[in-house]
Amino acid sequence: KTLPPGTSGWPLLGENMEFALLGPQKFIKDRMEKYSPEVFQTSIMGEKMAFFCGAQGNKFLFSSENKLLTSWWPQSMKKALLFPEFVESSLKEVSALKRSFLHDILKPEALKQYIPLMDAMAREHLHENWDSNRVVKVFPLSKKYTFDLACRLFMSLVDPEEIKRLADPFTLVTNGMFSMPIDLPGTAYNRAIKGGKMVRDELMRIITQRRKELTESQETAGRDLLSKMLLVTDEDGQFMSEMEISNNIIGMLVASFETTSSAVTSVLKYLAELPHVYDEVYREQMAIAKSKGAEDLLTWEDIEKMKYSWNAARESLRLTPPAQGSFRETITDFTYAGFTIPKGWKTFWSVHSTHKNPKHFSDPEKFDPSRFEGSGPAPFTFVPFGGGPRMCPGKEYARLEVLVFMHNVVKRFKLEKDIPDEKIVFHASPVPVYGLPVRLLPHGN
Ligand code: HEM
């Protein structure tokens, strides 16, 4: 058997240190140059791992789902996520029906009806938190908007007290999710475990209450994602259990929270840095705003007109992708690019082997929304949401949230960065180290 080229690094430690110190982007680039642009081996988190690279590597992994590979999450992350049941059932053994259900309730046709509500909430959020000539921190505010919106769309929660009862413990979870797994009083991990239990208890209370309301009212249409989950039945006519539904909601909250907040923050960062991009987005958004009455809310037709803005948002997703990639586990020996990948090895696909590769994106560091015009990037080179059967089911939700938020911000303000050379750091997703403070300049100044 010829294993992929590469090294398993230090005994026990593997290449964990190199990965952490260099960051995923440089770690992958260096090894693609040194070993192979197609696939290399390493050892991360105590696991033998093959990193698949390039468009071909992405294509191969995305199309081998369930035939050669299955989902896998590192033990540390499973524990840190605090939701073993969610990880086991929702990400691994979930039936095809339930997976397609998640895709169904998050597809464009299903989400269209929520666009006016997204817009109304964005307006209210800006009105309450974003004042002209003030400096605001974009990342914490976009997190607040993302969480409030998810509570509303997933579960119709509007009472700020009720949202707070979920948001406070959820923040403990996200703050401790990637901390050292030391379960002692006072550690972030310990607080995260307590927060996780509070989130779970609160969700179970909400779901049980809604089940009761639905039975009494005979509702059949499903007014939000929670109702839809309560009403769907599988091939045997069985409803989802409260536990399965809470797993799904927690899964969606975890998968959407930092990623979408990071996406909103990054695109606003580029708009603050690049006046020519800002001007083009502003022109497009004002044409839409002027075609409507001041009180009219955004609709699907308006979103469809936001072509340049979405190209700018996609360029931001290319340069600062909120998710880095994803793991799998091999379920059988197989051969790729002449190398054997043994059964039980883990694999990783990542945004980093293609997003800044000059072969696919000329002058790759340049912010250029026109790359997405016409037929756009070559297949499997632009993969911020993954691909194949496990492709992110929330990508349309994210697109709508980002565009609606961009519309509302540029309509009211120009943005000026308060810290011109603010560094980007990695939490779960890339974020500016001080939360991107920007000065809000009203138009006409
Ligand atoms: C800009 C924002 C987002 C980005 C960049 C993103 C990216 C990703 C990526 C790369 C994956 C992994 C795909 C794989 O395993 O190969 C994923 C999975 C997932 N995402 Fe997203 N996501 C975003 C927003 C959302 C939102 C808003 C939701 C829900 C409303 C969501 C729900 C999920 C779920 C449930 C999964 C697991 C799917 C599965 O394993 O089958 N994501 N996402």
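Me: Which residue stands opposite Thr347 in S8?
Reply: Arg328 does. This is a predicted model, and here strand S5 (residues 325–330) and S8 are joined by 5 bridges. The two strands run antiparallel.

Me: What other strand pairs with S8, and in which sense?
Reply: Strand S2 (residues 47–52) pairs with S8 in the parallel sense. Their pairing covers 4 bridges. Look for Phe52, which stands opposite Trp349 in S8.

Me: How do I read the faces of a strand?
Reply: Start with the general idea: in a regular strand, side chains alternate between the two faces of the sheet. Now take S8. Lys346, Phe348 and Ser350 lie on one side. Thr347 and Trp349 lie on the other.

Me: Are those faces of S8 covered or open?
Reply: Both are covered, and all of these residues are buried. Buried means under 20% relative accessible area. In strand S8 (residues 346–350), 5 of the 5 residues are buried, so the strand is largely enclosed by the rest of the structure.

Me: In what order do the strands of this sheet come?
Reply: The order is S1-S2-S8-S5-S3. These 5 strands form an open sheet, and the pairing is mixed. At the edges are strand S1 (39–44) and strand S3 (69–71), each pairing on one side only. From one strand to the next, the twist averages 35°.

Me: How many bridges join S1 to S2?
Reply: There are 6, and the two strands run antiparallel. One place to look is Ser43, which stands opposite Lys48 in S2.

Me: Which strands make the open sheet with antiparallel pairing?
Reply: It has 3 strands, in the order S4-S12-S9. Strand S4 (135–137) and strand S9 (413–417) are the edges; each pairs on one side only. The twist averages 40° from one strand to the next.

Me: How is S4 joined to S12?
Reply: By 3 bridges. Strand S12 covers residues 437–442 and runs antiparallel to S4. Val135 has Arg439 in S12 as its bridge partner.

Me: What should I make of a positive phi?
Reply: Know the background first: most residues other than glycine have a negative phi. Then look at Leu436. Its phi is positive, about 55°, although Leu436 is not a glycine. Leu436 sits in the loop between strand S11 (430–432) and S12.

Me: Is Leu436 buried or exposed?
Reply: Leu436 is buried, because its relative accessible area is 0%. Now turn to Asp363. Asp363 also is not a glycine, and its phi is positive at about 45°. Asp363 lies in the loop between S8 and H16. Asp363 counts as exposed, because its relative accessible area is 51%.

Me: What does the protein give to the iron atom of the ligand?
Reply: A single donor, the SG atom of Cys392, 2.3 Å away. Cys392 is placed in the loop between S8 and helix H16 (395–412).

Me: Which residues make the nonpolar surface patch?
Reply: Trp10, Leu13, Met17, Leu21 and Leu22 make it. The patch has an area of about 560 Å². Take Leu22 as one case: it lies in helix H1 (residues 16–34).

Me: How exposed is Leu22?
Reply: Leu22 is partly exposed, because its relative accessible area is 35%. Partly exposed is the class between buried, under 20%, and exposed, over 50%.

Methods:
Residues numbered from 1 in each chain as written. Predicted model: local features only at pLDDT ≥ 70, side-chain atom pairs only at ≥ 80, totals over all residues. Heavy atoms only, no water. Pairing = 2+ DSSP bridges. Axes fitted to C-alpha atoms, helices over the stretch in contact; angles between N-to-C directions. Patch = residues over 30% accessible without salt bridge, like charges linked within 9 Å, V, L, I, M, F, W, Y side chains within 5 Å. Areas by Shrake-Rupley, 256 points an atom, 1.4 Å probe, with all protein chains shown as cover. Salt bridge = Lys/Arg side-chain N within 4 Å of Asp/Glu carboxyl O. Buried < 20%, exposed > 50% of the residue type's maximum accessible area, 1.4 Å probe, protein only. Donors = N, O, S within 2.8 Å, 3.2 Å for Na, K, Ca; no water.
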